[in-house]
Structure formats: C-alpha cells, structure tokens
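User: Can you walk me through this structure? I'm new to this.

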Amino acid sequence: MSLLAKTMSKFRLAVVQLHVTKVKADNLSRARGLIKEAAAQGAKVVVLPECFNSPYGTGFFPEYAEKIPGESSQVLSEAAKESQVYLVGGSIPEEDDGGKLYNTCPVFGPDGSLVLKHRKIHLFDIDVPGKIRFQESETLSPGSNLSMFDTPYCRVGVGICYDMRFAELAQLYSKKGCQLLVYPGAFNMTTGPAHWELLQRGRAVDNQVYVATASPARDETASYVAWGHSTVVSPWGEVISKAGSEETVVYADIDLQYLANVRQQIPITAQRRSDLYTVNAVQEG
C-alpha cells in the first residue's frame with residue numbers, strides 16, 4: 001500500500017455535543033468555536049447534534065425555522081471553509097418555499113459548498129404511557145430521499161435520530177458503499193438509556209460500518225431533556241469514543257483498513273442470500 005493510500009485509509013472524526021440554549025446566535029457562535037477546536041485537533045469530518053441551533057420541541061420548530069440557505073447554514077458554510085472540514089451540520093428546523101417544515105441536516109464541504117441536505121425521513125411520533133409522548137408530525141413533514149456524500153476517505157450516509165431505528169436505511173447505505181453512518185440525534189431520558197447505544201452497535205455490526213451519533217448536551221431545565229452520550233462505534237460493534245452528558249467534543253480515528261479486515265474475516269456481504277431476500281430503495285437519493 002502506498003503512503004498516500006495509507007494516509008487516506010485513516011482520518012479523524014469529531015463529534016460535537018453542544019449545549020443548546022434558546023438563543024440561536026449563542027448556539028451558532030459556540031458551534032463555530034467547537035468546529036474550529038475540532039479542526040485544530042486534526043478532525044477532517046465534524047458532526048453537530050440534532051437541532052443544534054434551536055431547542056428541540058414542536059413548539060420551537062416554527063419559531064426557529066429557516067430556509068436553506070439562511071442564517072444558520074451560512075454560519076456552517078463559513079465554519080466548514082474556515083476549518084477546512086467536511087461538516088455534518090446536525091439539524092435545523094427548515095422551512096421550504098411552500099411553508100412546510102422539515103428537520104434537516106445540511107452537509108458542507110471544506111470549500112464551504114452545500115454538499116447535500118438530508119430531511120429526516122422517519123418522524124419521531126411515539127407514546128410511552130407515563131414517560132414520554134412526542135409527535136414531530138404535528139409540525140414537521142418527512143423527507144423522502146436517501147442522503148450520501150463522498151469524501152477523499154470514504155462515502156458517508158446520513159440519517160437523523162429516529163432514522164437510526166430503521167435497519168433498512170442503514171442496509172441501503174452500506175449496500176451503496178457507505179463505510180461511515182452519521183446520525184445527529186436527540187434521544188431522551190426514556191429511550192436514551194434503553195436504546196441509544198444498542199441501536200448504534202446494531203447498525204454497526206449488521207453492516208460492518210462505523211457509526212457516529214451526535215446528541216445535544218443534557219440540560220435538565222429544558223422542556224425536552226436530551227440523553228447526551230454522543231458516541232462512535234466500530235465495525236466490530238465496539239464503542240471507541242463516548243461522551244458523558246455535558247458539552248464536549250469527542251474524537252475517533254476512523255481506520256478503513258480495519259473495516260476491510262472485519263469484512264474479510266466475517267464476509268456477510270458475500271454470504272447474503274439474495275435469492276431469498278433483498279432490501280432495495282424505492283426512491284433513490
């Protein structure tokens with residue numbers, strides 16, 4: 001393997017666990033500072049949390065919604081260019097030209113260009129009696145596209161929070177060549193301790209990919225309390241980096257040769273029985 005190939009087979013990933021407040025300008029400023037900090041630590045890909053510019057809640061989405069391009073996406077574009085990173089911009093409440101609202105993750109390249117925007121496909125509509133009820137569909141519309149982007153290192157698949165519960169999406173991303181899946185997400189104090197790490201490890205092992213999640217930091221005074229614990233999981237299903245509940249940046253060195261070794265040792269892709277079952281995309285991204 002050439003020196004260039006060896007260099008390109010490894011890169012540093014940073015996951016920003018941001019303390020989100022009701023002041024959008026403060027959220028944007030702090031996010032920009034943490035992106036710069038991550039780049040200074042050698043990160044080439046940086047991931048922000050779900051709803052990083054806004055409190056999470058159906059009552060907040062219309063108030064904080066923006067078009068893309070808009071205020072928040074402009075800050076992200078400038079931050080990506082300034083720090084020369086691929087920036088997975090968590091998510092923001094997005095308003096389209098027709099007035100519909102989406103939970104949207106914009107991704108920017110190192111030149112500041114908008115690479116893609118992923119509108120959350122699966123809306124978070126749950127009801128756990130006595131614990132939590134939440135209905136994103138009260139204000140948000142679902143997206144309808146798969147979202148992937150290429151870097152010099154690997155292809156990356158993007159989902160948002162509840163998207164992670166749907167194994168088929170991760171399977172499609174893996175089938176289409178993604179080696180890293182990123183999920184900005186804000187699990188809560190009920191689903192977080194029960195399923196947050198479990199789902200990440202499941203998606204990683206099932207597809208032999210790296211999985212990264214970015215949560216807001218926990219704020220016990222918020223109307224919706226995020227679990228935190230932003231995490232990176234290896235293709236072997238090991239947790240290789242994990243935050244606590246506070247604001248922080250966690251790092252992981254992504255090793256694509258290690259990923260290839262795992263796939264060679266346990267060759268499930270070649271062993272799949274496509275004569276018996278298959279998962280295919282109806283709507284291409």
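Predicted model: local features only at pLDDT ≥ 70, side-chain atom pairs only at ≥ 80, totals over all residues.

User: Where is Ile35 found?

Analyst: Ile35 is in helix H2, residues 24-40 (helices are DSSP runs of H or I, at least four residues, numbered from the N terminus).

User: Is Ile35 buried or exposed?

Analyst: Ile35 counts as buried because its relative accessibility is 1%. Buried means under 20% relative accessible area, exposed over 50%, and partly exposed in between, with a 1.4 Å probe and protein chains only.

User: Which residues is Ile35 in contact with, leaving aside neighbours within four places in sequence?

Analyst: Ile35 is in contact with Val46, Leu48, Ala79, Ser83, Val85 and Leu87 (contact means heavy atoms within 4.5 Å). The C-alpha atoms of Ile35 and Glu82 are separated by 9.5 Å, though these residues are 47 apart along the chain.

User: New topic. Which helix gives the most to the lining of the largest pocket?

Analyst: Helix H5, residues 167-175, with three residues.

User: What classes are in that lining of the largest pocket?

Analyst: The lining has two nonpolar, six polar and three charged residues. Ala, Val, Leu, Ile, Met, Phe, Trp, Tyr, Cys and Pro count as nonpolar, Asp, Glu, Lys and Arg as charged, and the others, Gly among them, as polar.

How values were computed: Residues numbered from 1 in each chain as written. Heavy atoms only, no water. Helix = DSSP H or I, 4+ residues; strand = E, 2+ residues; numbered from the N terminus.
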